[in-house]
Amino acid sequence: MGIIIKSENEITLMRQAGKIVARVLDKLTGLIKPGIKTQELDVIAEEEILRLGGIPSFKGYRSYPATLCVSINDEIVHGIPGNRVLKESDLVSLDVGAIYKGYQGDASITVGITPVSETGKRLLETTKGALAEGIRVARAGVHVGDLSNAIQSYVEKTGFYLVKEYSGHGIGANLHEDPQVPNVGVKGEGPVLYPGMTLAIEPMVNTGTWRTRIAKNMWTVLTADGGLSAHFEHTIVITKNGAEILTAL
Ligand code: MF3
Ligand code: CO
């Protein structure tokens, strides 16, 4: 445990892991259409990660059974791919993790299938914006709480609700490392960021409540009120002047 500063070589490998994740998400985005089964997306994601020289990182992690998390509508995160078929107006979060030469990349996007409701569109924009806000604030010298607070302030203005019980995280040789990166917090609190720290920032935003519940499968996190949820995530490295996104195309 403890915060780990990555070497230039380690960051190079994380850039490659991140590139694999970005390519897989890009490919999957093109397949998000009514009629496709979430299990089919999972098979394609696994094939694509392996083809690009990576290893799926979620599969087997605490016995998680799949390569992807596919979380639809009121599912916040950790939706397990299966027989569910995507349909019009679904909000589909895709979460991908890949390991390249021992180093991890982790990212997620939420895609709306047309026609998306006005609330759905606003939710997607808000959640994507919240991630951008966290990344904008991330740089050497700031506290984790500054980053959390930026995300929280941004989302609170919209009237939507940030999920508080699940957080972003440090990432590197392991999927989850210190520090925790909460999506709500107080400026000036928490660990200070240094160049070479690698973080996964992942706001989850709900339309009706921050409260959650766990599905019968013991993995999937749902909104307590059945309202919609969205999730965006990037893996970044902290630099002197800001942050570099490692999971961009
Ligand atoms: N992006 C998620 C996370 O950081 C994905 C984890 S799914 C799991 O926690 F199955 F690997 F746990
Ligand atoms: Co993550």
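Residues are numbered from 1 along each chain as its sequence is written, and chains are lettered from A and ligands numbered from 1 in the order in which they are written. Because the model is predicted, local features need pLDDT of at least 70 and side-chain atom pairs count only at pLDDT 80 or more, while totals for chains, interfaces and linings use all residues; side-chain values use heavy atoms, with hydrogens and water left out.

The cobalt ion (ligand 2) is coordinated by Asp106 (OD), His169 (NE2), Glu202 (OE) and Glu233 (OE), at 2.0 to 2.3 Å. Donors are N, O and S atoms within 2.8 Å of the metal (3.2 Å for Na, K and Ca), and sites may look incomplete because water is not among the atoms. The angles among the 6 donor atoms of the cobalt ion (ligand 2) run from 65 to 171°, and the site is irregular. The spacing of the donor residues in sequence is D-x62-H-x32-E-x30-E. Asp106 lies in strand 5 (residues 103-112) and Glu233 in the loop between strand 13 (229-231) and strand 14 (234-238), so the pair ties together parts that are 127 residues apart in sequence. Asp106 and Glu233 are both buried, where buried means under 20% relative accessible area, exposed over 50% and partly exposed in between (1.4 Å probe, protein chains only). Helices (H or I, at least four residues) and strands (E, at least two) are DSSP runs, numbered from the N terminus.

Strand 7 (residues 168-170) and strand 8 (residues 177-181) run antiparallel and are joined by 3 bridges; two strands pair if DSSP finds at least two bridges between them. The two strands form a hairpin with 6 residues between them. Gly170 stands opposite Glu177 in strand 8. Glu177 is buried, at a relative accessible area of 10%. The side chain of Glu177 makes a polar contact of 2.8 Å with that of Lys6 and reaches the backbone nitrogen of Asn174 at 3.1 Å. A polar contact is a pair of N or O atoms within 3.5 Å; within protein, one must be able to donate a hydrogen and the other to accept it, and residues adjacent in sequence count only if both atoms are side-chain atoms. Beyond its neighbours within four places in sequence, Glu177 is in contact (heavy atoms within 4.5 Å) with residues including Ile4 and His169.

Helix 1 (residues 8-29) has 22 residues and reaches 31 Å between its end C-alpha atoms, close to the 32 Å expected. The expected span is 1.5 Å times one less than the number of residues. Its buried residues include Ile11, Met14 and Leu25, and their cover includes helix 2 (38-51) and strand 5. In helix 4 (residues 144-156), 10 of the 13 residues are buried, and helix 3 (118-137) and strand 8 are among the elements covering them.

Thr209, in the loop between strand 10 (204-206) and strand 11 (212-214), is buried at 14%. Lys37, in the loop between helix 1 and helix 2, is partly exposed at 32%. The C-alpha atoms of Lys37 and Val85 are separated by 4.3 Å, although the residues are 48 apart along the chain.

Technical notes: Four donors count as tetrahedral if all angles lie between 85 and 135 degrees; four count as square planar and six as octahedral if opposite donors are over 155 degrees apart and all others between 65 and 115; anything else is irregular.
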